[in-house]
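This briefing is meant for a reader who is meeting the structure for the first time. Please keep the sequence and the 3D view at hand while reading.

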Amino acid sequence: MSQTEQLSYIAGQAADARLNLELETDGMVINLGPQHPATHGTLRLVARLEGEEVVEAEPIMGYMHRGYEKLAEVRTYLQVTALINRIDWLGSFANEVPFILGAEQLMEIEVPDRARWIRTLLFELSRIANISLFLGEMGLQLGAVTPAFFAFRDREFVLNQIEQVTGGRFHPNFDRIGGLKDDLPAGWIAETKSVMKRMRTFCDEIEDLLVGNEVFETRMRGIGVIPAEVGLSYGLSGANIRASGVDWDLRRDEPVGLVYDQLDWKVWTHPDGDSFARYWVRVQEVREATKMVEQILDGLPSGPIMAKVPRIIKVPKGEAYIQTENPLGAMGYYIISKGDLTPFRLKIRSASFNNISITPWLLKGTLVPDIITILGSLYFILGDIDR
Amino acid sequence: MSIFAIELAFWQQTIIKMVVVAAVIPAAALVLGYVFLLKMMSFMQSRLGPMEAGPHGTLQLLADGLKFLQKEDIFPDKADRRLFALAPVVVLVSTFLLFVALPVSPEGIVARLDTGIFYALAVSSLSVVGIMIAGWSSANKYALMGSLRAAGQLIAYELPLVLAVVGVVIQAGTLDLQGIVLAQANGEIFGWGAIGNPFILTQFVGFAIFLTAVQAELTQPPFDMPVAESEIVGGYQVEYTGFRFLFFFMAEFGTAFVFAGLASVLFLGGWYFPGFDT
């Protein structure tokens with residue numbers, strides 16, 4: 001091969017390379033959020049698309065970080081409950097319980113029976129208030145507006161009941177170390193029973209509207225399948241992991257301080273692990289919770305609602321980690337106390353933070369409409385991610 | 001035009017027709033928008049909907065329209081300004097052109113065309129062009145995705161729409177919309193001609209397909225992928241505000257009105273009412 005031939009060959013190769021470089025197309029990078037209706041809050045999702053297919057997606061959080069762990073270090077134990085109410089703002093009472101349980105464990109306080117029962121009661125009520133909204137919201141994500149209005153309408157009855165007891169619709173701030181602030185008001189029990197009946201009707205209504213709906217099913221079934229072992233390795237909890245067929249529920253497995261072991265109920269699982277399974281499990285959970293509330297109302301023991309607690313609460317030196325099965329999944333507080341008025345360090349393990357950590361894995365290879373389905377069915381609350 | 005028993009010059013007729021069409025399309029959009037978008041949806045969702053503006057909120061959309069007119073006319077920074085301004089007009093023009101072929105009485109038709117239904121289906125596709133222009137010129141990724149989805153969907157559902165109409169055309173033996181109405185008016189059901197022969201009796205499958213395809217053409221739920229509020233936040237409309245957005249809104253509901261008119265002309269006998277002479 002002569003030198004001119006060589007040179008022309010090289011020039012040809014270079015021209016080809018240039019041409020390929022020019023013709024090569026990059027995927028489109030789309031930025032969902034922080035202000036986007038599907039991220040219900042300020043989650044940001046950066047997705048690289050190839051047409052409508054997601055090549056990779058990454059959730060970016062922290063737009064609503066409020067620094068509760070640090071703030072808790074300069075607040076007394078009573079004041080901390082006001083903060084942690086705002087973590088999962090739809091099921092607020094459930095946030096207080098594990099923290100108070102942890103403090104009580106450190107102080108070695110024996111909580112009266114009635115207080116434990118009412119705690120469990122309010123815990124389940126906040127679960128109903130939280131998840132029933134999800135049941136409607138999921139329809140809204142897929143374009144069905146009506147279920148969302150039904151959910152808002154019927155959730156209000158549950159919130160009314162919570163408000164009658166605690167004085168707060170959204171943020172009860174009702175749990176105290178050693179028991180509860182107040183007892184139940186008169187006439188509340190009968191009213192709550194009728195509300196529970198209403199919530200069961202709501203579940204039936206939602207099932208009629210959505211679960212049997214063909215559009216809903218085609219958009220949910222087989223979308224965002226999480227195999228059990230993958231879900232476990234990402235630390236998923238709550239209905240998200242139960243929908244993958246893992247029979248795991250802290251209410252049954254670690255009933256610390258609450259009275260779930262004295263109730264007759266069932267842990268619902270679904271073998272599929274797709275978005276539809278997650279939705280279905282949550283519908284069943286609301287039903288099961290209404291039944292639990294009715295059992296608690298029937299079996300409520302009498303007695304005091306507050307143990308003997310010193311006027312100024314100083315938690316003795318030590319460490320405690322308590323986690324409970326909150327509406328969104330396992331929520332835990334790691335409390336380190338040095339014997340002061342305030343916790344020395346408080347680590348909050350919130351469910352949504354772990355639940356959305358699976359999104360990069362899950363969104364790979366899905367389509368843009370499925371992003372919404374998957375994010376919606378994973379059901380996170382921004383306050384629970386960012387704390 | 002002799003409905004008022006007055007003979008008018010061509011230019012006078014034309015002006016009257018233009019005024020009527022220009023009045024009917026916004027009015028139709030208002031009525032359909034009020035009845036279906038505001039009230040029917042509200043009652044389904046256990047709420048009342050607008051109640052303040054006018055009796056039972058009847059003037060709500062008028063108030064909204066006034067609000068849209070007062071809004072600032074915003075062009076996105078990177079937008080192609082001319083195309084951005086052109087797109088809503090193209091979409092609205094397609095609605096106006098559709099109206100031309102719709103017969104509302106023996107004489108009440110803007111232009112009687114021999115290929116009436118063919119023309120109507122052809123100009124209804126024009127809106128796709130407007131939507132594509134809107135999506136591209138907005139310089140917005142959501143708008144682009146929405147417009148591409150709209151193009152895909154609208155073209156895909158054009159085919160069942162046309163095929164549903166073909167049955168009627170074969171039975172009537174004409175493409176002329178006026179002729180299709182007359183064919184139904186003069187038809188007989190097994191020799192019994194009291195109510196004519198509405199084509200829905202023989203073409204009920206076509207009627208169902210027509211309504212479904214129209215729903216998709218109008219990007220109404222469950223075919224609302226192009227504007228999916230929860231994922232691409234309104235699709236090609238995402239960057240539009242003020243009266244340009246109003247144009248899209250009017251075009252959507254105006255087209256809904258015209259398609260409803262076409263469905264009644266094709267399948268339900270049009271303006272013909274049994275007992276009245278044609």
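What follows describes the chains, their contact, and a few local features in turn.

The model is predicted, and the values below are computed from its atoms. Chain A contains 16 helices and eight strands, whereas chain B has nine helices and zero strands. The two chains touch through 18 residues of chain A and 14 residues of chain B.

**Chain A as a whole**

- Taken along the principal axes, the box that holds the C-alpha atoms of chain A has dimensions of roughly 105 × 50 × 35 Å.
- Chain A has 387 residues, and buried residues make up 48% of them.
- Among the contacts in chain A with a separation of 6 or more, 71% come from residues 24 or more positions apart.

**Chain B as a whole**

- The pattern of chain B, followed along the sequence, is α-α-α-α-α-α-α-α-α.
- Chain B is as compact as a globular protein of its length, because its radius of gyration of 20 Å is close to the 19 Å that the globule rule gives for 278 residues.
- The C-alpha trace of chain B spans about 65 × 45 × 40 Å along its principal axes, and 40% of the 278 residues count as buried.
- In chain B, residues 24 or more positions apart provide 75% of the contacts with a separation of 6 or more.

**Where the chains touch**

- The contact is made by 18 residues from chain A together with 14 residues from chain B, and on the chain A side at least two residues each are supplied by β1 (28-32), α5, α6 (146-166) and α15 (368-378).
- By residue class, the side of chain A that touches chain B consists of 13 nonpolar residues, four polar residues and one charged residue.
- A:L140 belongs to helix α5 of chain A, which covers residues 113-141, and A:L140 touches B:S230 as well as A:V145 and A:A148, when residues up to four places away in sequence are not counted.
- A:L140 counts as buried because 20 other C-beta atoms lie within 10 Å.
- Although A:L140 and A:G376 are 236 residues apart along the chain, their C-alpha atoms are separated by 9.5 Å.

- An open sheet in chain A is formed by three strands in the order β6-β7-β8, with antiparallel pairing.
- Its edge strands, each pairing on one side only, are β6 (318-326) and β8 (345-349) of chain A, and from one strand to the next the twist averages 10 degrees.
- Five bridges link strand β7 (residues 329-337) of chain A with β8(A) in the antiparallel sense, and A:G332 has A:R349 in β8(A) as its bridge partner.
- Helix α4 of chain A, residues 92-107, lies across β6 and β7 of chain A and runs at about 150 degrees to β6(A).
- From its first C-alpha to its last, α4(A) reaches 24 Å with its 16 residues, which is close to the 22 Å expected at 1.5 Å a residue.
- Since 15 of the 16 residues of α4(A) are buried, this helix is largely enclosed by the rest of the structure.

**The pairing of β1, β2 and β3 in chain A**

- β1(A) and strand β2 (residues 44-50) of chain A run antiparallel and are joined by five bridges, and the bridge partner of A:M28 in β2(A) is A:L49.
- Seven bridges pair β2(A) with strand β3 (residues 53-60) of chain A in the antiparallel sense, and there A:A47 stands opposite A:A57 in β3(A).
- The hairpin of β2(A) and β3(A) has two residues between the strands, and A:G51 in this hairpin takes a positive phi near 70 degrees.

**Two loop residues of chain B with positive phi**

- B:S46, a residue other than glycine, has a positive phi near 50 degrees, and B:S46 is found in the loop between α1 (10-44) and α2 (60-70) of chain B.
- B:S46 is exposed, with 12 other C-beta atoms within 10 Å.
- B:A139 is likewise a residue other than glycine with a positive phi, here near 55 degrees, and its place is in the loop between α5 (126-137) and α6 (141-172) of chain B.
- With 16 C-beta neighbours inside 10 Å, B:A139 counts as partly exposed.

Definitions and conventions. Residues numbered from 1 in each chain as written. Chains lettered and ligands numbered in written order. Predicted model: local features only at pLDDT ≥ 70, side-chain atom pairs only at ≥ 80, totals over all residues. Helix = DSSP H or I, 4+ residues; strand = E, 2+ residues; numbered from the N terminus. Contact = placed C-beta atoms within 7 Å. Rg over C-alpha atoms; globule rule 2.2 N^0.38 Å. Nonpolar A, V, L, I, M, F, W, Y, C, P; charged D, E, K, R; others polar. Pairing = 2+ DSSP bridges. Axes fitted to C-alpha atoms, helices over the stretch in contact; angles between N-to-C directions. Expected span 1.5 Å × (residues − 1).
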